[in-house]
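Look at the sequence and the model shown here.

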Amino acid sequence: MPLPLPLYLLALAVFAMGTSEFMLAGLLPDLARDLGVSVGAAGALTSAFAVGMVIGAPLMAVLARGRTGRSGLLGFVLVFLAAHVAGALTTSFVVLLASRVVAALANAGFLALALTTAIAMVPADRTARALAVLLGGTTVATVVGVPGGALLGAHAGWRAAFWAVAVLCVPAALGILRGVPAAEPSPEGPSLRAEFGVLREPGLARVLVLAALVNAATFGSFTFLAPVVTGPAGLTSSWVSAALMLFGAGSFAGVTAAGRLGDRHAGRVLAVGGPLLLVGWVALAVLADRPAVLPALLFVQGALSFAVGGTLIARILYEAAGAPALAGAYATAALNVGAVVGPLLAATVLGRPTGPFLLSAGLVAAALAFAAVSGSRRGGPASRC
């Protein structure tokens, strides 16, 4: 039985937003020169977006609480589109910074609502597959959108990349308007206080920590792949995009595989994938100076990172079932806490080119140890998340 078409329309919007979140890495020098600021100052645009995602997930979910999925999703996409039009037109760095914060808030709100909308569209035994389609939008952004945005920026200027993201939002908005059904009237759900109270549940808190640690490991190394490619591996800068695309292709394969297996074998995915993820980061740190094996390792690590991470997202939504309006916000916030903290920690170990890989190994080891300890306290197997 095929998944509903609206899921793929939501994934298109996630693709546009994922492209926007990561594309600045290749645009900062040109952008800084055009707006008359330093590259370091321009880097604040990336930090502002990430922080906006963390804060925006619960905030936007609360503001959108009680609205139908279609109206909330459409509203967030239109705000995101408007923020990119403003960013493409402005000549002020301050305005551009503000537009990135607004875009991040809209992105966070959209993703939080899209996660809960996606699982409401399918039977319980197809939840993981539905989430895999949705998160596939992010992984495709790393394979196609981010390199494409960098290429477009290099040939037509950084503003063209902003316009391209805005254009991508148009079919996504039309698709949501026509394809996502209006929500049926339903009995009043739990109070906002009760939904926040779910955070005190040990099972949910446990999976939130695991998701944040795994995502920190992923983005800590992903952010600093370039120094490894041009340093220990001895390859030219032209290989950086290829390395990012390989990691992204692996990510897509991993999240797709997790979608196939996660509904029935989530425990096995985590029990097998977690230790393999740790071994993979160590292998990358040890073998980063061997260009013959680096591409394969990057693909495998992308697959493992998103297979484990995607399965943990599904577990967050399961554990947060008592908070239907905020469950997606909790998952979004946990993932973006990792996306903020991981690169910050990795930046402290750049004195050694493979430092980010060793850091990622340490973060995954911490996640495995935490899973084992917290699992034993709950009286269940450590692999059961």
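Is valine 85 buried, partly exposed or exposed? Valine 85 counts as partly exposed, because its relative accessibility is 23%. The class follows from cut-offs on relative accessible area: buried is under 20%, exposed is over 50%, and partly exposed is in between, with a 1.4 Å probe and protein chains only. This is a predicted model, in which local features need pLDDT of at least 70 and side-chain atom pairs count only at pLDDT 80 or more, while totals for chains, interfaces and linings use all residues. Residues are numbered from 1 along each chain as its sequence is written, and side-chain values use heavy atoms, with hydrogens and water left out.

Valine 85 belongs to helix 5, residues 69–89. Helices here are DSSP runs (H or I, at least four residues), numbered from the N terminus. Not counting residues up to four places away in sequence, valine 85 touches Trp163 and Ala166, where contact means heavy atoms within 4.5 Å. Leucine 27 is 58 residues from valine 85 along the chain, and their C-alpha atoms are separated by 17 Å. Helix 5 also holds glycine 69, which counts as buried because its relative accessibility is 16%.

Phenylalanine 110 is a residue of helix 6, residues 93–120. Its relative accessibility is 0%, so phenylalanine 110 counts as buried. What surrounds phenylalanine 110, leaving aside its neighbours within four places in sequence? The residues in contact with phenylalanine 110 are Leu10, Ala13, Val14, Met17, Leu73, Phe76, Val77 and Ile176. For valine 14, the separation from phenylalanine 110 is 96 residues in sequence and 8.4 Å in space, C-alpha to C-alpha.

With residues up to four places away in sequence not counted, valine 133 touches Leu3, Leu7, Tyr8 and Ala11. Valine 133 counts as buried because its relative accessibility is 16%. Between the C-alpha atoms of valine 133 and alanine 205 there are 25 Å, and the two are 72 residues apart along the chain.

The charged pairs come next. How many salt bridges does the structure hold? There are three salt bridges, a salt bridge being a side-chain nitrogen of Lys or Arg within 4 Å of a carboxyl oxygen of Asp or Glu. One of them joins aspartate 30 to arginine 33, with 3.6 Å between the closest N and O atoms. Aspartate 30 and arginine 33 are separated by about one helical turn, because they are three residues apart in helix 2, residues 28–35. Aspartate 30 is partly exposed, at a relative accessible area of 26%, whereas arginine 33 is exposed, at 63%.

Another salt bridge links the side chains of arginine 159 and aspartate 34, at 3.1 Å from N to O. Arginine 159 lies in helix 8 (residues 158–179) and aspartate 34 in helix 2, so this pair ties together parts that are 125 residues apart in sequence. Aspartate 34 counts as partly exposed, at 42% relative accessibility.

Arginine 315 and glutamate 319 also form a salt bridge, their closest N and O atoms being 4.0 Å apart. Both residues lie in helix 13, four residues apart, which is about one turn of the helix. Arginine 315 counts as buried, at 17% relative accessibility, and glutamate 319 is partly exposed, at a relative accessible area of 21%.

Helix 13 also meets helix 14. Ile313, Ile316 and Leu317 of helix 13 are in contact with Ala327, Gly328, Tyr330, Ala331, Ala334 and Leu335 of helix 14.

Finally, consider the surface. Leucine 63, in helix 4 (residues 44–64), counts as exposed because its relative accessibility is 58%.

Definitions and conventions
Helices (H or I, at least four residues) and strands (E, at least two) are DSSP runs, numbered from the N terminus.
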